[in-house]
Amino acid sequence: MESDGKKIKIAANGGIGFGSKLNANQLLTISKYMDENEELELTTFQQLYIEIPESNKEEIIKEFESAGLACYPVGNYVKSLRTCNFCKGEEREGMPVAKELNKRFAGKQVPFTLKMAYTGCPIGCGEPMVSDIGVMKFKDQYNLYVGGKGKGFDAEVGTLLKENLEPEKLYELVAEIIDSYAKLGKKRETFFKFWRRIGKERLINI
């Protein structure tokens, strides 16, 4: 495959499923675009960063997707959804809702990298309460947290913005939050700082 030598970084993972897993075919597909001594970066958000030829970007992404890999842009975008391992089954842990959240919002452009997380029960394995936007399934409904921060001396638990949400209302509120951040956030302003500056009243209309 010919290329002009210029490379672009993309993020890839196995999509939303039962745990963060890759199969042999997916690993072989990724390895085709790596030099012998090149290393993969595994991020805390269950993504692999890989550099691919920019001139063949679309073709390579299609190849990755045909192998079952999900691909996302790297930079100031909504990250793919970090999840728990869905230990109790698809319906009980709300996997369809997690998949839909990822489908609707991952890859949207924002002022600075935005991290979303989901967990299917109050144990919180997906760490939703220390993410920019977090969703926790409770019984048959969903609680929405915002403004968590997991690192630094100013780390703190996110604010419970709204509880007992049905899926469609959850999607609606998350869309409002991300749209507000995209429109009102300053260049390279983290969501944590944005949330502190803007407050709940200007973030969404509850």
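**View 1. Strand β7 and its two partners in the predicted model.** Five of the six residues of strand β7, which covers residues 133-138, are buried, so this strand is largely enclosed by the rest of the structure. The model shown in this and every other view is a predicted one. Strand β6, made of residues 116-119, pairs with β7 in the parallel sense, and four bridges join the two. Strand β8, residues 141-146, runs antiparallel to β7 and is joined to β7 by six bridges.

View 2. Tyr145 is found in strand β8, where it is buried with a relative accessible area of 10%.

View 3. Four strands form an open sheet in the order β2-β3-β1-β4, and their pairing is antiparallel. The edges of this sheet are β2 (41-42) and β4 (70-73), each of which pairs on one side only. Between strand β1, residues 7-13, and strand β3, residues 48-53, the antiparallel pairing extends over six bridges. Within this pairing, Ile8 has Ile52 of β3 as its bridge partner. Helix α2, residues 57-66, packs on the sheet and touches β1, β3 and β4, while its direction makes about 135° with that of β3.

View 4. Thr83 has its place in strand β5, which comprises residues 82-83. Is this threonine buried or exposed? Thr83 is buried, with a relative accessible area of 8%. Setting aside its neighbours within four places in sequence, Thr83 is in contact with Ile16 and Gln46, and also with Tyr118 and Gly126.

**View 5. The buried side of helix α4.** In helix α4, which covers residues 95-105, the buried residues are Met95, Val97, Ala98, Leu101, Asn102 and Phe105. They cover an arc of only 165° around the axis, which puts them on the same side of α4. Just after this helix, Gly107 takes a positive phi of about 95°.

**View 6. Pro167 in helix α5.** Pro167 lies in helix α5, which is formed by residues 167-184. The relative accessible area of Pro167 is 24%, and this residue is therefore classed as partly exposed. Not counting residues up to four places away in sequence, Pro167 touches Val97 and Tyr142; Val97 is one of the buried residues of helix α4. Gly15 is 152 residues from Pro167 along the chain, and 20 Å separate the C-alpha atoms of the two.

View 7. Among the five aromatic pairs that the structure holds, the one formed by Tyr181 and Phe191 is edge-to-face, with 5.3 Å centre to centre and 90° between the planes. This pair links distant parts of the chain, for Tyr181 lies in helix α5 and Phe191 in helix α6 (residues 191-203), ten residues apart. Both Tyr181 and Phe191 are buried. Tyr181 forms a further aromatic pair with Phe194, which is tilted, at 5.1 Å centre to centre and 45° between the planes. Since Tyr181 lies in helix α5 and Phe194 in helix α6, the pair ties together parts that are 13 residues apart in sequence. The relative accessible area is 0% for the buried Tyr181, and the buried Phe194 likewise has a value of 0%. Tyr181, Phe191 and Phe194 form one aromatic cluster.

**View 8. Lys149 over the ring of Phe192.** Lys149 lies over the face of Phe192, at 5.7 Å from the ring centre.

Key
Residues are numbered from 1 along each chain as its sequence is written. This is a predicted model: local features need pLDDT of at least 70, side-chain atom pairs count only at pLDDT 80 or more; totals for chains, interfaces and linings use all residues. Side-chain values use heavy atoms; hydrogens and water are left out. Two strands pair if DSSP finds at least two bridges between them. Contact means heavy atoms within 4.5 Å. Axes are lines fitted to C-alpha atoms, for helices over the stretch in contact, and angles run from 0 to 180 degrees between N-to-C directions. Buried means under 20% relative accessible area, exposed over 50%, partly exposed in between (1.4 Å probe, protein chains only). The arc is that of the directions from the helix axis to the C-beta atoms. Rings of Phe, Tyr and Trp (its six-membered ring) pair if their centres lie within 6.5 Å; planes under 30 degrees apart count as stacked, over 60 as edge-to-face and the rest as tilted. A charge sits over a ring if NZ of Lys or CZ of Arg is within 6 Å of the ring centre and within 35 degrees of the ring normal.
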